[in-house]
Amino acid sequence: MVANEPLSKHTTLGVGGPASIYIEARTKQDMIDAVSICRKHNSEYFVIGGGSNLLVSDDGFHGVIIHCAIDHFIQDGDRITVGGGYDLDTFVEKTCELGLAGVQMLSGIKGTIGGAICGNAGAYGGTISDHFESATLLNHASYVHSEDKYYFEFSYRNSILKRTREVVLEATFALTTDDATQLQKERLDIIEKRSKRHPKTDCSAGCFFRNIEKPDEKYGKLAAGHLLEKVGAKKLRVGNAGVYENHANILVNLGGATADEVRRLAMELKKMVKDQFGYDLNEEITYLGNFR
Ligand SMILES: Cc1cc2nc3c(=O)[nH]c(=O)nc-3n(C[C@H](O)[C@H](O)[C@H](O)COP(=O)(O)OP(=O)(O)OC[C@H]3O[C@@H](n4cnc5c(N)ncnc54)[C@H](O)[C@@H]3O)c2cc1C
């Protein structure tokens with residue numbers, strides 16, 4: 001347990017002030033204990049994984065940040081059960097090596113299993129929910145319960161966890177047996193493709209805005225990056241926050257950016273898209289803390 005821990009150290013954007021208290025939960029019991037203590041003391045808490053989808057305000061979080069670091073990996077034939085804090089890309093790498101197919105499209109995505117389930121992370125036509133079977137959750141009353149896929153109400157970059165704030169302690173995936181060499185090749189191809197579109201070092205939170213759901217568009221979505229490109233987003237900069245040169249929907253910390261600068265840049269981009277195209281962009285990232 002640490003007091004006044006800078007959250008800039010725990011987010012891929014590298015911005016954000018301190019958490020009043022920062023706790024690392026390495027086991028399911030650690031997480032249950034941490035949530036129980038917060039409840040007992042009536043302290044506000046927020047669970048983070050890899051911090052790869054968060055913008056934390058400059059004054060930080062006045063409460064307890066619980067870092068989910070539960071990282072067991074258990075194989076039972078084609079089924080894998082992993083801790084909520086298990087690194088998503090390591091999970092993909094391991095399953096490919098084991099010749100288990102189903103999550104290889106998620107190669108290279110940052111963050112943890114819990115974060116991915118919360119936001120139904122996905123790429124290249126696949127999402128974490130595709131082969132997801134069930135998970136053990138912890139709710140605010142410290143009640144542990146297991147739920148199957150139906151409970152999670154998965155949709156585009158969304159799940160029930162965004163509303164309930166329940167914690168994924170562990171999750172089980174039902175994969176299918178396949179050729180390990182082929183899967184590893186698919187994985188490397190995806191990583192190669194991603195490297196052309198994403199910054200090489202941590203300085204972003206991936207795509208900042210959600211694509212616009214539009215059934216008449218190809219794949220049912222209008223890419224936010226396409227609209228941002230057209231409004232000239234890549235030329236825009238607020239302080240040390242800017243837009244990535246290879247992807248107009250990726251906001252980057254150019255070095256020493258504040259959360260306020262990233263937020264102001266995001267607001268400006270939203271306004272430009274609204275003024276020029278009439279569309280309201282909504283954030284894919286989660287804001288944490290105080291933003292005006
Ligand atoms: C370079 C880069 C590329 C990216 N590419 C993609 C992409 O292709 N596709 C995509 O979907 N996303 C992408 N992202 C965004 C991000 O990687 C995903 O959203 C990821 O799933 C977030 O996981 P996390 O552990 O970092 O969550 P965090 O950022 O720590 O938290 C995000 C949310 O998840 C919740 N959460 C975290 N852990 C748990 C848990 N154990 N139980 C319940 N809730 C939890 C938090 O409370 C919060 O609401 C990218 C990000 C980066 C930096």
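**A walk through the predicted model**

The protein chain has seven helices and 21 strands, where helices (H or I, at least four residues) and strands (E, at least two) are DSSP runs numbered from the N terminus. Please keep in mind that this is a predicted model, in which local features need pLDDT of at least 70 and side-chain atom pairs count only at pLDDT 80 or more, while totals for chains, interfaces and linings use all residues. Residues are numbered from 1 along each chain as its sequence is written.

Let me begin with the overall form. Along its principal axes, the C-alpha trace of the protein chain spans about 50 × 50 × 30 Å. For 292 residues a compact globule would have a radius of gyration near 19 Å, and the protein chain, with 19 Å, agrees with that; the radius is taken over C-alpha atoms, and the globule rule is 2.2 Å times the number of residues to the power 0.38. Of the 292 residues, 44% count as buried, a term that asks for 20 or more other C-beta atoms within 10 Å of the residue's own, whereas 12 or fewer make a residue exposed and anything in between makes it partly exposed, with C-beta atoms placed from the backbone.

The protein chain is divided into domain 1 (2-68), domain 2 (77-195) and domain 3 (204-288), with bounds that come from an automatic or database domain assignment. Between the C-alpha centres of domain 2 and domain 3 there are 26 Å.

Next, a sheet. Four strands form an open sheet with mixed pairing, in the order β1-β2-β5-β3, and two strands are said to pair if DSSP finds at least two bridges between them. β1 (2-6) and β3 stand at the edges with a single partner strand each, so one side of each has no neighbour in the sheet. From one strand to the next the twist averages 40 degrees, with axes being lines fitted to C-alpha atoms, for helices over the stretch in contact, and angles running from 0 to 180 degrees between N-to-C directions. Within this sheet, strands β2 (residues 18-25) and β5 (residues 61-68) run parallel and are joined by six bridges, and Ile21 has Val64 in β5 as its bridge partner.

Now to some single residues. Asn4 lies in strand β1 and has a phi near 50 degrees, a positive value in a residue other than glycine; it counts as exposed because it has 11 C-beta neighbours inside 10 Å. Tyr124, in the loop between β9 and β10 (126-127), also has a positive phi near 50 degrees, and with 14 other C-beta atoms within 10 Å Tyr124 is partly exposed. His140 sits in the loop between β11 (132-138) and β12 (144-148), and is partly exposed, with 13 other C-beta atoms within 10 Å.

Finally, the ligand. Which residues come nearest to the ligand? Of the 32 residues around it, they are Gly49, Gly111, Gly114, Gly115 and Gly206, where near means that the C-beta atom, placed from the backbone, lies within 6 Å. Elements giving two or more residues to this shell are β3 (45-48), α3 (113-118), β9 (122-123), β13 (167-174) and β15 (204-207), and α3 gives the most, with four residues. The shell divides into 14 nonpolar, 17 polar and one charged residue, counting Ala, Val, Leu, Ile, Met, Phe, Trp, Tyr, Cys and Pro as nonpolar, Asp, Glu, Lys and Arg as charged, and the others, Gly among them, as polar.
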